[in-house]
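Work through the following exercises with the model in view. Each task is followed by a solution in steps.

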Amino acid sequence: MASDTPSAAAHVFEQTEMLLNMGPQHPSTHGVLRVLLKLDGETVVDLDCDIGYLHRGVEKICEHDTYPMITPYFDRLDYVAAVNGDLVYVEAVERLMGVELPRRAEYLRVILAELQRIASHLLWLATHALDIGAATIFLYAFREREEILKIFENFTGARLTAHAFRIGGLQWDANPEFVRDVLAFLDILPGRIDEYETILSENRIWLARTVGIGVLTAADAIDTGLTGPVLRGSGVAYDVRRAAPYSVYPEFDFEIPTGDTGDTYDRYLVRMQELRQSVRIVRQAIEGLPEGSVMAARVPRVIKPPAGEVFHTNESPKGEIGVYLVSDGTNTPYRLRVRPPCFVNLQALKQLAVGHLVADVVALIGTIDIVLGEVDR
Amino acid sequence: MTKDDPNNEASSESRPTAKKAKGGIDVVEATDDRLVERLRERFGDAIHSAVIMVGQRVVVVAVDSLAEVLTYLKSGDELKFDLLLDVTAVHRPAETPPFELVYQLCSTSTLERVRIKSGIEDGASAQSVTGIWRTANWLERECFDMFGIVFEGHPDLRRILLPEGWEGHPLRKEYPVEFRENRWVADTLNIHALPDDADFSGKVEI
């Protein structure tokens, strides 16, 4: 028996690489993402993302649906930021058709889109912090997000898949309660953001889990095609609302927050700043909300954009969402391509995670802020 | 878009400065565009056409020179298109060549944008641009998955959204939108197409 001991001990200390399967049913993957990790001890050596569990063939379905029928599919791409998905699609069609919107419609669109950005960032904050172990912030952020969902329910009838916009404007106008509710929410939110930052920004555990984790240089981030807060966290002030302005964004005064080092903590700071900037935009839009119609005057009953093509992009909470629309002049698109920010950003997970510990993979999936409905489409 | 394709129009000798395509989209020949001038100067006949459509620059390039043009746009040109936003394709079975590769480029410093397109034959392969932009990796994989276009020089060209072993490429026009019997679905999920004489009456023989 004693003669066996040395070889058994040698086996214990033998260094081997291990393959670890994470997901697709794993709470921190925020959906159905499967990550295959190659580990040396607890350190990630290599990883591969297996996606497509939620693939519904949206681009194919769109080729068989009329233009108004497609909008609900965009609700269900990034289902925690449905309004931003709707916006890029209806704007792409309107741009191809050359429809001019009444200013009230544009303002209401900006209000809803920025409220949705706040809701999406709050959901990101809640789940990201919960993944790392801060459970309190989850309840706080969901409390504020609930207020936005109530506003959406009042305006559109739906909390999540809002289907807020129609080609040529909006179906409904804002009622007086809408303005009142939004203003009330704007009054409470900045104080609540202060609360979140009090809990997290100087919290030792939070700092230990985020500072220096998943550092991306600006050049790397651009090369990997990252957009949105992930790119801005690396110090690139690229925001589609400024870079290729759409809707009435040029009329509003807001800043583009950026980070310096490009780690998980910087990306957290950028998103917290963006919450405050969105509050600024919504307040300006509510104060300057023009009177008038919410639907363009000459929108045909059957939507048939002229033959041609357009690539229209918006700043969604996750990054640059784009629609490449090829029309052949009929009532269905010939080809409709969605440029999905989550899909492109998820590609960076490998670069971010290699060299870090398994526990950091959870933080890194959170910091990219993916929604699998949009990754898989 | 077959007959009124502005890209075909560009080859005729008398070019109107502004032309309405079918239905009234403004398609303007990109004559005084400095980027297009530089591209024509450098690549000559490889630049098939260049138009401005809905305010967007669209340049059609010969597929053989595609990688060179894209390399130049990323690092050689003064506009520095460092951000590759999208790689995708359009399938037009009736046209030759039937596929069109589409690259959406953006510059984070000058904020200029350009769309590069290139026709490609069915079964022919395109040069991968993963060496120019790392982001092309997954985008080209998706393009391969959905259209079956092969990218030469891609480090890891396999399906991305559909499972390994799937038959066909869904975004080709001949691929039906309805369910069709598929070996992967039959083997993995045990789902089969119904027989032609399927009984929907709901009656159960006892």
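**Exercise 1: A helix and its end**

Task: State which residue just after H5(A) takes a positive phi, and describe the helix.

Solution. Just after H5(A), the residue A:Gly133 has a positive phi of about 120°; helices (H or I, at least four residues) and strands (E, at least two) are DSSP runs, numbered from the N terminus. This is a predicted model, in which local features need pLDDT of at least 70 and side-chain atom pairs count only at pLDDT 80 or more, while totals for chains, interfaces and linings use all residues. Residues are numbered from 1 along each chain as its sequence is written, and side-chain values use heavy atoms, with hydrogens and water left out.

Next, consider length. Helix H5 of chain A (residues 103-132) has 30 residues and spans 43 Å from its first C-alpha to its last, close to the 44 Å expected at 1.5 Å a residue (1.5 Å times one less than the number of residues).

Finally, consider burial. Because 27 of its 30 residues are buried, H5(A) is largely enclosed by the rest of the structure (buried means under 20% relative accessible area, with a 1.4 Å probe and protein chains only).

**Exercise 2: The contact between the chains**

Task: Determine how many residues of chain A and of chain B take part in the contact.

Solution. Chain A contributes 49 residues and chain B 52 residues, contact meaning heavy atoms within 4.5 Å.

Task: Find how many salt bridges link chain A and chain B.

Solution. The count is 11 salt bridges (a side-chain nitrogen of Lys or Arg within 4 Å of a carboxyl oxygen of Asp or Glu). One of them pairs B:Lys173 with A:Glu63, whose closest N and O atoms are 3.0 Å apart.

Technical notes. Chains are lettered from A and ligands numbered from 1 in the order in which they are written. Buried means under 20% relative accessible area, exposed over 50%, partly exposed in between (1.4 Å probe, protein chains only).
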